[in-house]
Amino acid sequence: MPNFKQIESKWQKAWEKSKIFQVKDSSKKKKFYVLEMYPYPSNFGLHMGHAFNYTLGDIQARFKRMNNYNVLYPMGFDSFGLPAENAAIKAKSHPKKFTEKAIKNYIKQMKELGLSYDWSRIIETHKPEYYKWDQWIFLQMLKKGLAYKKEAPVNWCPKCKTVLANEQVHNGKCWRHENTKVEVKNLNQWFLKITDYADELYEGIKKLDNWPELVKKLQTNWINKSYGTEIIFKINNKSWKIFTTRPDTLYSVTFMVISAQHPKLMSIVTEKQKKEVEKFVKKLSSVSEEDLDKLEKEGVFTGSYAIHPLTKKKVPVYTGNFVLASYGSGMVMADAHDQRDLEFAHKHKIPLIAVLKPKDGEAEDPNKTKKAFTGHGILINSGKFNGLTSEKAKEEITKHLTKLKLGKNTINFRLKDWLISRQRFWGTPIPIIYCDKCGTLPVPEKDLPVKLPDTIKLTKTESALENYKPFVETKCPKCKGKAKRETDTMDTFANSSWYYLRYTDPKNSKEIFNKTKANYWNPIDLYIGGKEHACMHLIYIRFYTKFLRDLKLLNFNEPAKKMFNQGMLQGPDGQKMSKSKGNIILPETVSKKYGIDTARLFLVSIANPDKDINWSKDGVEGSLRFINRIFNKKFKIGKSSKKTQHKVNSTIKQVTKYIEELKYNLAVIKIRELFDSFEDEISKKDLEASIKLLSPFCPHIAEELWEKIGNKKFISIESWPKYDSKKINPEIDTLDELISNTIKDVNNIKNLVKTKPKKVTISVSEAWKYSIIKKIKKEMEKDYDISRIIKAVIDKTHTKEISKLVPMFVKNPKKLPEIVLTQEKELKALKENISKFEKEFKLKIEIKKEDPKASPGKPSILFE
């Protein structure tokens, strides 16, 4: 067995010393930018689940380099965040200490995995030279009116002790703490106006051709563009604009419901109802759209009434738990034709009016039925609009409202502005100053970055900045008087919304990045990360890209050409790897026992990289046996047989295609088959080509084998092999398949029969079948007309059989072999392998000609 530790250390040092993975910003080569989502540097370090993710990108980077691309493959760290802050509070220390120790460990582990990053481009988001530009972007958004502060109902995680953006609340729970219910508070917070880009973000999804369908679907549903009508209702003489997609049910409105999270809720609550409303609001937690149908519909009367815009009747306004503050204006008109409204009305004894009947039936009394009629139908009880279809009524009622200046056609988005304020220490300070005299002012750009204090020691979970005078107390940039800094920090998703651009120019202290460099490398050619980021990071990064484009810094619209969601490596127990479950597999343990190349090979060999897989001791040991076989094999350099030449060239063709398509498991199968097919003698050129194919998957072993056969340069920067189509003979594979399938069939029968046979007779098919199947195959390439094919291939001797064969193949074309051998070739191949069969079966073997039961490519087998 090879000394893996020695081999890995040797080549990792050699790569680092020679700087072979450092890349230049200009080249005659075609560029390729491959990037995995950068990690948060946890104190626990990397486990094999992380290794799986990074191996996927490394294989592609190595493959593209060898294919003469100028490859940018960087790594950095999303190094702001709660875990380091919480650890610092516990230790009464500073999060920087924990963060930088964790980063050091991550870099060590990543190098030990053989990842070919350009470490000269490393970025760490907790460093002032990085977050200076987070603050710069914020100031540009402020100038454009895209950053603003307002009081709003916000999601509050009691465990994180900070607010969360809407995208960070999953089923009413914190995205970090799956068992912690999110509360709702009204706070004065900073927002980014992502809604200004809602339409472009929505419409742009259609152009993300090489993004996973699931990600596109999730973003489509999250942004959720809907066409409807904005209708004005008066409440206490003030106009409220209510969005609806069903203006055809306007005459059914008998009550209104305002979200319990609405910032203006208390402004319409009467003194009499105030205590009841406050009590109701206090007991509510945050609600996401996914929860609405499951919730028991609860609410209380606000004491106020709305005036119906057409009937002028007074309709009571309730506050409820089933209306989102983020939908439309945060208030809905409620009627008999919505299931949630119907359930609420029944509970609170609110009378309902049906205004729609099915096109082929009568309307049910909504006060008695438990199921609302929510479909489209014919209008009733709707004044002059009676008799119209729902579709026509939507149009006519909207026209009427527009004429009365009480409504209009409009577009609504579910996507709401991005709440970026966080009440924590370990994040990017928001560059704002508050002056009693001059008001709210931006920090001048020349004074950036606003740095986090290094000397502070954290002792409690509340915002440490708020109580740290050396940070808070400052001078007003305008009047030079006493002023205070903003003490909230930015959501860490702001750091990761543009980080991919900084890799193109990471040491630039004068500007966020050089435009020429950023536009040379971008958009990212392959971006790898989890599907769980679909409605957080992957929406934010698209927003920032479009904003920076509008600042004339970028000349593209989307951050990545291709997005790839990797699967998850689970523990041996089939569960997500976690410290609490005790199922974590560490790279160091694996490397020591099996070698890291063995692990890399195993990780990508058992399934497509987008599928979840389980860590398997048997699986990794299978990969180890393969590595040992090729490492220990004594290759005799000479001339390759035609069979070896075919195997090498066809494998180059297939593996190249599979790596391009990220079907690494299929590529590994072909590489294993290639090495296992080698005969005693092989040409140096063919052996070199084979080792090159192995190189992206097992870089250390490949370097060692490359050196072993007399090469001095790194295989990692050699040219990828090209196949010679003239040397590919598909018949060789078909004959190999014939032999292996025959062995399988004999073994299967052998296992079924109880008595041990003395002899096995293997017979090929009748001669006419081979030529007829060839003809059928040729004719089926034209079209699948059964009668035409029968006429074309008719053989008077075997008319009945042909009439059966043709429909069978037309019905299932996959039954037709790709290569149809002649009877002579099948017979010859079987006879040449008699000794192999007899050794395998330990039985007497006879090869016979022409058995009517056999079919081409499938010999018949008789046990005697």
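This note comments on salt bridges and nonpolar cores in the structure above.

1. Basis of the values. The model is predicted, so that local features need pLDDT of at least 70 and side-chain atom pairs count only at pLDDT 80 or more, while totals for chains, interfaces and linings use all residues. Residues are numbered from 1 along each chain as its sequence is written, and side-chain values use heavy atoms, with hydrogens and water left out.

2. Salt bridges overall. The structure contains 52 salt bridges, a salt bridge being a side-chain nitrogen of Lys or Arg within 4 Å of a carboxyl oxygen of Asp or Glu. Some of these interactions are joined: E200, R542, K546, R549, D550 and E558 form a linked network of salt bridges.

3. The pair K64 and E660. A salt bridge joins the side chains of K64 and E660, with an N to O distance of 3.1 Å. The two residues are 596 residues apart and connect distant parts of the chain, K64 lying in helix 2 (residues 48-66) and E660 in helix 18 (residues 642-660). Helices here are DSSP runs of H or I with at least four residues, numbered from the N terminus. K64 counts as buried because its relative accessibility is 5%, whereas E660, at 39%, counts as partly exposed. The classes are defined by relative accessible area: buried is under 20%, exposed is over 50%, and partly exposed is in between (1.4 Å probe, protein chains only).

4. The pair E395 and K392. Both residues belong to helix 10 (residues 390-403) and are three residues apart, about one turn of the helix. E395 is partly exposed at 39% relative accessibility, and K392 is partly exposed at 36%.

5. The pair K206 and E203. The side chains of K206 and E203 form a salt bridge with an N to O distance of 2.5 Å. K206 counts as exposed at 57% relative accessibility, while E203 is partly exposed at 25%.

6. Nonpolar cores. A nonpolar core is a set of buried Ala, Val, Leu, Ile, Met, Phe, Trp, Tyr and Cys residues joined through side-chain atoms within 4.5 Å. The largest one has 173 residues, and those with the most contacts inside it are M48, M110, F138, W418, Y527, W615 and F697. Helix 2 supplies the largest share of this core, nine residues. A second, separate core has 32 residues, among them L250, Y251, M331 and L379.

7. Surroundings of F697. Neighbours within four places in sequence aside, F697 is in contact with residues including I59, D597, R600, L601 and Y664, contact meaning heavy atoms within 4.5 Å.
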